[in-house]
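Here are my notes on the model you sent, point by point. Please read them with the structure open.

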Amino acid sequence: MKEYKTINEISGPLIFVEKTEPVGYNELVYIKLGDGTTKRGQVLDTSKDIVVVQVFEGTGGLDLQCGVRFTGETIKLPVSIDLLGRILSGSGDPLDGGPRIVPEDRLDINGAAMNPYAREPPAEFIQTGISTIDGMNTLVRGQKLPIFSGSGLPHNEIALQIARQAKVLGSEEAFAVVFAGMGITNEEAQSFMRDFERTGALERAVIFLNLADDPAVERLITPRLALTAAEYLAYEHDMHVLVVLTDMTNYAEALRQMGAAREEVPGRRGYPGYMYTDLSMIYERAGVIKGRKGSVTQFPILSMPGDDITHPIPDLSGYITEGQIVVSRELHRKGIYPPINVLPSLSRLMNSGIGEGRTREDHKAVSDQMYAGYAEGNDLRGLVAIVGKDALSERDRKLLEFADMFEDQFVRQGKDEDRSIETTLEIGWSLLAELPEAQLTRIDNEMINKYHPAHRAK
Amino acid sequence: MKGTVYRIAGPVVTVIDVPTKMYDVVKVGKEGLMGEVIGIEGAKSTVQVYEDTSGIAPGEPVENTSMSLSVELGPGLLTSVYDGIQRPLPVLLEKMGDFIERGVTAPGLNREKKWEFKPTVTKGTKVAGGDIIGTVQETHIEHKIMVPPTVSGVIDEIESGSFTVTACVCKLTDGTELTLMQKWPVRKPRPVRKKLMPDTPLITGQRILDGLFPVAKGGTAAIPGPFGSGKTVTQQQLAKWSDTEVVIYIGCGERGNEMADVLNEFPELDDPKTGKPLMERTVLIANTSNMPVAAREASVYTGITIAEYFRDMGYDVSLMADSTSRWAEAMREISSRLEEMPGEEGYPAYLAARLSEFYERAGSVETLSGVNGSVTVIGAVSPPGGDFSEPVTQNTLRIVKVFWALDSKLSQRRHFPSINWLESYSLYTDALADWYNEHVSPDWPILRSDAMEILQKESELQEIVQLVGSDALPEDQQLTLEVARMIREYFLQQNAYHDVDTFCEMDKQYKLMKAIMKYSDLANTALEGGAELEDITSVKSKDDLSKVKFEKEFDEKLNTVLSAMDKEFDAIRGAV
């Protein structure tokens, strides 16, 4: 491999190399510093005159005399089943003091787009043990369901609880968790690690950590490494892999930073115009393939800047992912855990994962009815603040009470409380029983006769 | 004509030393990746490449095919599933496995399959572009084989029998050979004799669409809405139930799992009109968000060209594009790689022109052969943050005649389809009035406007209710609120996942609305006659009416409910 000493310019995370032989787009690059250390980079733009390289570990310490080697191949992750139980850095080096991975294979970290024709529509219900998810926004295998949160909210606890409790009913198949931390603080990373160790989940997990003080540009490859590892475990080792990506906001910030360094025309709020495509290359790497046993399910976490769901990061994410779980500051302030606000939350794949033979025949009806009741009850709170409770009709008062009970009994649960789907639906019915029966218009009479507490008591 | 690669930056590649014309298709690099010329400057041409460009280096060879990006049109289109540049996905799956690698080409139409061709003209017939020379029974749809628009002459030889798409079936006296297949450049509209005014509604079986905001066959409609408001479900409902002969569904930059769902579901569903599987009248184009961005830009053109081809046979075609925002974003992405001067929000300045060119390809037409056909275009728009003032929504609304505004507030309370009845509009209601008069009922326009008036009144009253509570309203206004609620819940809400309710015929829609208005009339009369509001709103037949739409024996159940309603109101009157 030829080494060039022809760096012409260094600007932010980018270096410009002159007078090279033809260099391929997206190639992996090694940069050797004066003190003998090596950094890695990737070709962003290549022409006969100049090659633009983005350096993953940051350009600190680089000068024009550094040696640059082009490897002739794209970035690859060495994979093997021994990845399980390992803690790796944001660019894939061991952080746990263990040996380097002896690769069974080396895979391109950008992956390839799954042929839509090869996809199996996701339909297997995953029980997370959290009522607001299982009952109202059901997760299925192969789905990508992000948590939209804000700073200071317990999204990490929720993610950990899901990682701990998630299971497919009646199935003993191998599962694994791949965790990618992007720009998270050392403290957060430690609490994740502690939880993984406490519950013994670490041996079924692969962890990639890019901490807040690691170079921002490394964040661009961390989720790709994690997903490459996940795809390998899923499709080569038939595992069901749950991928937790936190925090996607930091990823998007890094993307914007790179765009600015390259002097690109910015899109909305300075984020690059290709952010949708870029995010989709990450989120779309979830799914189930026909004829293969494993699956990749994604749980990305992103904090909404200023709790604004229309901010470009949650907005573009929401257009790609199959729904979202929204964590609410208001519920959190009321002391409710998990503070999931079901109204703006959604699981697009819910309908294919629930019902007879999957969860229970009344699931959809119960969920719809509770949505309608809670939405109406929640609206009435505004009215009560103005006119007082006494001015409400009997019907409205019931709805108002329903909304309160819903938050207190259905939403609220313990951090280690693992509710079965039956329990979740029973709680739902016990709340619906407080409403007049004629008001349950979303539920068939047949279901009411079968499941309504008043009828069952008889 | 060969040259070399000069520069690579993502999907945009600069090539040098090869003469090109705008929109020529070129093969880039050793693997021959397909691309399209989108700019020329001196000896350099800028090419957008339809596949991943990783590893391509300057100096690799480039070949100009000197052809524009074209689609293959002929038997075999129906039931196909293509990517954005008409490569059949099942063939790609066979050739390269579950993931899409690059550098694989596959013709749009199967070259081996033989089709039974029946000529409809004989030797000596004079034919011109667009004339039908024979037919092939493709699925239940008769595929008409046409003379390409640019060809004319006198038939010298024509044969019936079994042919592949590339075999010669007909020879003109000047020696021109015609095959079952023809090619057409996607960026150029196929010619027609003239455009007609649309006068027939596209019946979709969706009450809020057919009933309140109809789109005409050959018309254009936009469905803008924030994420999670039900765009995709609405688009899929339209693809499933629209009463057109052919449906083109473009999944442009959308989710892979959703496309998988469509691919899985469509072959299982039956067309309510013909009883045949829906897939037999459908062409699917799936270019998911993680597939190459340039192919996404092309997918919309691929789709509309196929739609025009079926229109030219004299069919009614509907085209759903989900989502045109992704298409616009692909334009923006490529434009920014070209370092073009951006217009609003980074979109290229030609965004409005491209959108209007695309929607203008819809229409009800007289084809070159003199028959009538139509292409209806329904585009989903995904405005960032649900803000309708953004450029794609605004430029779309300037062109389309029907606006179905999705509302996340409605979807949050699980009111589906979550189309806002106050913000949506249709400019076709007058043009279609005659049709509704003739095929539904002369009193339909009255029912429709009465319903709209009640809904409008409801929103005004809601403002007061927000301040003082509903009990403070006079009784007749409380009744209006109740009737509005019935219209919303009984008529507008429709369950796409319910076996019966997913599709509602026009006749059923009419009867349902009529029944709600009957209640409204009876209730208002009773109220004026001095009856208690409580008694009027608690009649059992009113609650029963809410479930009628789910019944298979709709007419029977409805009549039972209506006669019960008469009796209950008789009793109320008797009590007064």
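1. Start with strand β15 of chain A, residues 175-184. In this predicted model, β15(A) is mostly covered, with nine of its 10 residues buried. Two partner strands pair with β15(A), as the next point sets out.

2. Take the partners in turn. Strand β17 of chain A, residues 240-246, pairs with β15(A) in the parallel sense, over seven bridges. Here Phe175(A) stands opposite His240(A) of β17(A). Strand β16 of chain A, residues 205-211, also runs parallel to β15(A) and is joined to it by seven bridges. In that pairing, Val178(A) has Val206(A) of β16(A) as its bridge partner.

3. Stay in chain A for a helix pair. Helix α4 (residues 222-236) and helix α6 (residues 275-283) of chain A pack with their axes 9 Å apart, at an angle of about 30°. Angles under 35 degrees count as roughly parallel, so α4(A) is roughly parallel to α6(A). From α4(A), the contact uses Pro223(A), Arg224(A) and Leu227(A). From α6(A), it uses Asp278(A), Met281(A) and Ile282(A).

4. Now chain B, and strand β4, residues 33-41. Is β4(B) enclosed or open? Seven of its nine residues are buried, so β4(B) is largely enclosed by the rest of the structure. Strand β3 of chain B, residues 24-28, runs antiparallel to β4(B) and is joined to it by four bridges. Val28(B) has Leu33(B) of β4(B) as its bridge partner. The hairpin of β3(B) and β4(B) has four residues between the strands. Gly29(B) in this hairpin takes a positive phi near 80°.

5. Follow β4(B) onward to strand β5 of chain B, residues 44-49. Six bridges join β4(B) and β5(B), and the two run antiparallel. Val37(B) has Val47(B) of β5(B) as its bridge partner. β4(B) and β5(B) also form a hairpin, with two residues between them. Gly42(B) sits in the turn and has a positive phi of about 60°.

6. Look at Pro348(B). Its place is in the loop between α6 (324-337) and α7 (351-360) of chain B. Buried or exposed? The cut-off for buried is under 20% relative accessible area. Pro348(B) has 4% relative accessibility, so it counts as buried. Leaving aside residues up to four places away in sequence, Pro348(B) touches Met331(B), Arg332(B), Ser335(B), Glu340(B) and Gly343(B).

7. Next, helix α1 of chain B, residues 89-96. Which of its residues are buried? They are Leu89(B), Leu92(B) and Met96(B). Seen down the axis of α1(B), these residues fall within an arc of 55°, so they line one face of the helix. An α-helix has 3.6 residues a turn, so residues three or four places apart point the same way. The buried residues of α1(B) pack against β8 (81-82), β9 (99-100) and β22 (282-287) of chain B. Gly97(B) follows α1(B) and has a positive phi, near 85°.

8. Check the open sheet in chain B. Its four strands are in the order β13-β12-β10-β15, and the pairing is antiparallel. The edge strands are β13 (142-146) and β15 (161-163) of chain B, each pairing on one side only. On average, neighbouring strands of this sheet are turned by 40° against each other, direction ignored. Within the sheet, β12(B), residues 132-137, pairs with β13(B) in the antiparallel sense over five bridges. Val136(B) stands opposite His143(B) of β13(B).

9. How do α12(B) and α15(B) lie against each other? The axes of helix α12 (residues 475-492) and helix α15 (residues 540-548) of chain B come within 9 Å and cross at roughly 25°. They are therefore roughly parallel to each other. The crossing of α12(B) and α15(B) is right-handed. On the α12(B) side, Glu482(B), Arg485(B), Met486(B) and Tyr490(B) make the contact.

Terms used: Residues numbered from 1 in each chain as written. Chains lettered and ligands numbered in written order. Predicted model: local features only at pLDDT ≥ 70, side-chain atom pairs only at ≥ 80, totals over all residues. Heavy atoms only, no water. Pairing = 2+ DSSP bridges. Axes fitted to C-alpha atoms, helices over the stretch in contact; angles between N-to-C directions. Buried < 20%, exposed > 50% of the residue type's maximum accessible area, 1.4 Å probe, protein only. Arc of directions from axis to C-beta. Contact = heavy atoms within 4.5 Å. Parallel < 35°, antiparallel > 145°, perpendicular 65-115°, else oblique. Left-handed = near helix turned anticlockwise from the far one by under 90°.
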